[in-house]
Amino acid sequence: MVLFLALTAFAVAIAGATAFVIFWPLALVHIRDRHPQITAVLGHGAFLKPKALAWLLRAQYRATPDPGLAGLAAPARISLLVILGGLALGGVLWILGQALS
């Protein structure tokens with residue numbers, strides 16, 4: 001049962017990854033087109049750059065009064081948190097399952 005829950009947690013992480021690859025590129029294009037000051041901070045090609053992901057996780061997009069940016073970056077942030085949470089929970093459950101067997 002524990003390994004099934006671990007697989008379910010990994011499936012949730014995959015679902016988060018699906019949402020992430022939809023919303024984060026859209027947010028980056030929005031940033032590139034309308035916010036050159038943020039583009040300068042994140043750099044070009046910021047899809048998986050640690051600095052850009054940290055910027056997203058800290059929700060620094062909220063400092064910009066642009067509802068379009070918030071509407072794209074918020075789901076990207078939530079999906080990134082779901083990915084991290086699903087991987088962490090799946091890893092813990094997998095280790096627990098190995099210890100119990």
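**Exercise 1. Which side-chain oxygen reaches the backbone nitrogen of glycine 68 at the start of H4?**

Solution. The structure is a predicted model, in which local features need pLDDT of at least 70 and side-chain atom pairs count only at pLDDT 80 or more, while totals for chains, interfaces and linings use all residues. Residues are numbered from 1 along each chain as its sequence is written, and side-chain values use heavy atoms, with hydrogens and water left out. At the start of H4, the oxygen belongs to the side chain of aspartate 66, and it comes to within 3.0 Å of the backbone nitrogen of glycine 68. Helices here are DSSP runs of H or I with at least four residues, numbered from the N terminus.

**Exercise 2. Describe the span of H4 and what covers its buried residues.**

Solution. Begin with the span: H4 has 34 residues and reaches 49 Å from its first C-alpha to its last, close to the expected 50 Å, where the expected value is 1.5 Å times one less than the number of residues. Next, take the buried residues (under 20% relative accessible area, with exposed meaning over 50% and partly exposed in between, for a 1.4 Å probe and protein chains only), which include Leu69, Leu72, Ala76, Ile83 and Gly90. Finally, the cover over the buried residues of H4 includes H1, helix H2 (36–42) and H3.

**Exercise 3. Determine how H1 and H4 are oriented towards each other.**

Solution. The axes, which are lines fitted to C-alpha atoms over the stretch in contact, with angles from 0 to 180 degrees between N-to-C directions, lie 7 Å apart at an angle of about 160 degrees. Angles over 145 degrees count as roughly antiparallel, under 35 as roughly parallel, 65 to 115 as roughly perpendicular and the rest as oblique, and H1 and H4 are therefore roughly antiparallel.

Key. Helices (H or I, at least four residues) and strands (E, at least two) are DSSP runs, numbered from the N terminus. Contact means heavy atoms within 4.5 Å. A polar contact is a pair of N or O atoms within 3.5 Å; within protein, one must be able to donate a hydrogen and the other to accept it, and residues adjacent in sequence count only if both atoms are side-chain atoms.
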